[in-house]
Structure formats: C-alpha cells, structure tokens
Amino acid sequence: MIEEFKEAVNKGLSAKNKNLPSKYFYDKKGDALFVEIMNLPEYYLTRAEYEIFKNQTLKIITSLNLKKDTYFELIELGAGDGTKTKELLKLLDKEAYDFDYFPIDFSQNALDNLDKTLQTEIPSLSVKTKQGDYFKVLESFKDSKHQKVILFLGSNIGNMTDDIANVFLQNLSASLALGDQLFLGVDLIKAKDIVLTAYNDSKGITAAFNLNLLNRINTELKGNFAINTFKHLPEYDEIEGIAKSFLVSTKDQDVFVEALNKSFHFYKDEKIHLEVSRKYNDDIINSIIAKTKFKISDKLTDSNNYFSNYILKIV
Ligand code: AVJ
C-alpha cells in the first residue's frame, strides 16, 4: 500500500499537469473529514440519496421487481456505515423477503462496525460481510446461480473519468448474469452555484479534506509541504457536468519528499489536480453503459431533482 502510494505521488508530482489520486483521501483523518462533509448543509448529495431510500423504499422494491418467494443476493460495493441501505434492509426484512445482504468493503473495520449495528437494529437480517477488492470479491460470487442486486451508492462512480467508469461497468457487467441488476446512485448535472458550494463549504472542511492528502505525504513519505502555502480550488463546468478539485501553490517553491529522495518545483499559481466528481444525466449514463450488457430499466429521483438512483439491468 505504501509502495503504491509512493509510486502514485512520484508519478503525479512529476507530471506536466501535476495530479494526486483522490482515492488516497481516505486515511483515518480523511474518513472522519468525509463524515463531516456528509453532514454539511452545503453537501446535498448524501441527504438527497437518503431521502430516496427513506421516502421511496417501497418504490425501490417494486422497481427492482423483487419477489418474496424468489431468493436474491443483495451486494453492496463500499458499504460504509449503511445509513441509506438500512432503510431498504428494514423494509425487506419486515416484509420477509428471501435474501442475504453482502456488504463489500476494503476496510474490515468498517465491515465489523456495520455488522454490529445491523445485528442490533435488524436482528433477523442475514449479513455476510466480504472484505476486499470489489472485483476479487465479485469473482467469488461467480458460481452462485442466484439473482443479484448490486448497490453502488453515493455517486462514488463520479470519481472515475467516463473512460474508467466504462471499463468498470464492462467488468461488472461481465461478472453478472441475465436479469441481474445494478442500483447506481449518481449526482445529477445541475446549476453551478449549487454544485460549487457543495465542494467549497463555508467551514473549510472540504479544503481540509483535500489538504489532508499533502499531510499524508508529509507523514507517510516524509515530505515537507508547507500546507498553508496551498489553497483549495474547486471548479465546475456546468455544460460538461464535471466538478474538479485542485490545490494551488500560492508561491514559487520547492517541496522535498524524503521517501522519494526527490524535490518537486511548484511555480506560483501552479495547480495540482486531485479529484473529479462527475455529474450525470440519462445520456451520460447511456454512454458509459454503451459497451456493457446493462440497460436503464428505471430510475428514482429525490424531490429536489438533485440525485438519481438508476436501475441498470443485464439484458
Ligand atoms: C464520495 C466521491 C461521492 O465526489 O462528492 C466530497 C467525495 N469530495 N467532497 C464526491 C467528496 C469532496 C464525494 N464522493
């Protein structure tokens, strides 16, 4: 893991257009900052998707065409704390649907916590946690002939460029069978002021979340970034529907990273690109599933029209 991080930092900071991958945001401090982000008034995504799970729970079940007498596997990629999913799990359990819930996560700790809360809140639910890489874990389902519903929520897919999302969905589609479904949560393309504010909150939590990556380089790779000489800069192109986060060097400077035995020059106003947060509509969803066996079969949207859960079915 540390070798992979080292490689990524070297490659990203040596590039002409400097960049650092957003997947490294999530260390212990980053996880805690992301929880704070989800509770920010400006960060509408989590609340919008929760509203769908809370207010349209029955509609989720009917849209997925679930039947009480047909066993299915409910598999969640990156389950987190399960706040949204719990609304669905409670109703499925109450109505005696025949299924097992398989939360998949890299973090065994996250899975243990989820398992514990589910055992107390929904004691009769069958939970089978799976730790590891999404595709390695999905491999292990290949021999099962049961109907599958995959949950991939939170617009987490938005951190992938469309090319990468395309490959991701091709791989996912290849590991599924006819009739299997993907329940995909995505943030929708909307006005610039709403999106930009979500990534530029007044308390500076999102800034700290981005700057934490420089902290990680300092502590894990013995870097000497002067954190206060970099500023958070979010951008959003309303036409293409992509939000991007950058850190900008406020002065001309060199940064030394001991683990790489290398220094990196930053000129004043030079940007490091950290994150893409793609926003979607039907056309973009159709374009990223074009080379897969998925077809849009339904979608649910919150009352503000901010966020959608698409049901993509293998046909
Ligand atoms: C968890 C990837 C959906 O892109 O909106 C929140 C992460 N970044 N604020 C997003 C994030 C800045 C978030 N995702």
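Let me start with helix H2 (residues 28–38) and helix H10, whose axes come within 9 Å and cross at roughly 170°. The axes are lines fitted to C-alpha atoms, for helices over the stretch in contact, and the angles run from 0 to 180 degrees between N-to-C directions. That angle makes H2 roughly antiparallel to H10; angles over 145 degrees count as roughly antiparallel, under 35 as roughly parallel, 65 to 115 as roughly perpendicular, and the rest as oblique. On the H2 side, the contact is made by Lys 29, Gly 30, Leu 33, Phe 34, Glu 36 and Ile 37. H10 contributes Ile 205, Thr 206, Ala 208, Phe 209, Asn 212 and Asn 215. Contact here means heavy atoms within 4.5 Å. By class, there are six nonpolar, four polar and two charged residues. Ala, Val, Leu, Ile, Met, Phe, Trp, Tyr, Cys and Pro count as nonpolar, Asp, Glu, Lys and Arg as charged, and the others, Gly among them, as polar.

A word on the source. This is a predicted model, in which local features need pLDDT of at least 70 and side-chain atom pairs count only at pLDDT 80 or more, while totals for chains, interfaces and linings use all residues. Residues are numbered from 1 along each chain as its sequence is written, and side-chain values use heavy atoms, with hydrogens and water left out. Helices (H or I, at least four residues) and strands (E, at least two) are DSSP runs, numbered from the N terminus.

H10, residues 205–220, also meets helix H1, residues 2–14: their axes come within 12 Å and cross at roughly 120°. The two are therefore oblique to each other. Ile 2, Phe 5 and Val 9 in H1 meet Leu 213, Arg 216, Ile 217 and Glu 220 in H10. Those residues divide into five nonpolar, no polar and two charged.

Now the sheet. In what order do the seven strands run? The order is E3-E2-E1-E4-E5-E12-E11, in an open sheet with mixed pairing. Two strands pair if DSSP finds at least two bridges between them. At the edges are E3 (130–131) and E11 (294–301), each pairing on one side only.

Going through the pairs, E1 and E2 are parallel, over six bridges, and Phe 72 stands opposite Phe 99 in E2. E1 (residues 72–77) is also parallel to E4 (residues 147–152), with five bridges; Leu 74 has Val 149 in E4 as its bridge partner. E5 and E12 run antiparallel, joined by seven bridges, and Leu 182 is partnered by Leu 312 in E12. E11 and E12 are antiparallel too, over seven bridges, with Asp 298 partnered by Ile 311 in E12. The hairpin of E11 and E12 has five residues between the strands, and Asn 305 there takes a positive phi near 60°.

What covers the sheet? Helix H6 (residues 108–121) lies across E2 (99–105) and E3, at about 150° to E2. Helix H8 (residues 162–174) lies across E1, E4, E5 (181–187), E11 and E12 (307–314), running at about 110° to E11.

Is E2 buried or exposed? Seven of its seven residues are buried, meaning under 20% relative accessible area, with exposed over 50% and partly exposed in between (1.4 Å probe, protein chains only). On one side of E2 sit Phe 99, Tyr 101, Pro 103 and Asp 105, and on the other Asp 100, Phe 102 and Ile 104. E12 is mostly covered, with seven of its eight residues buried.
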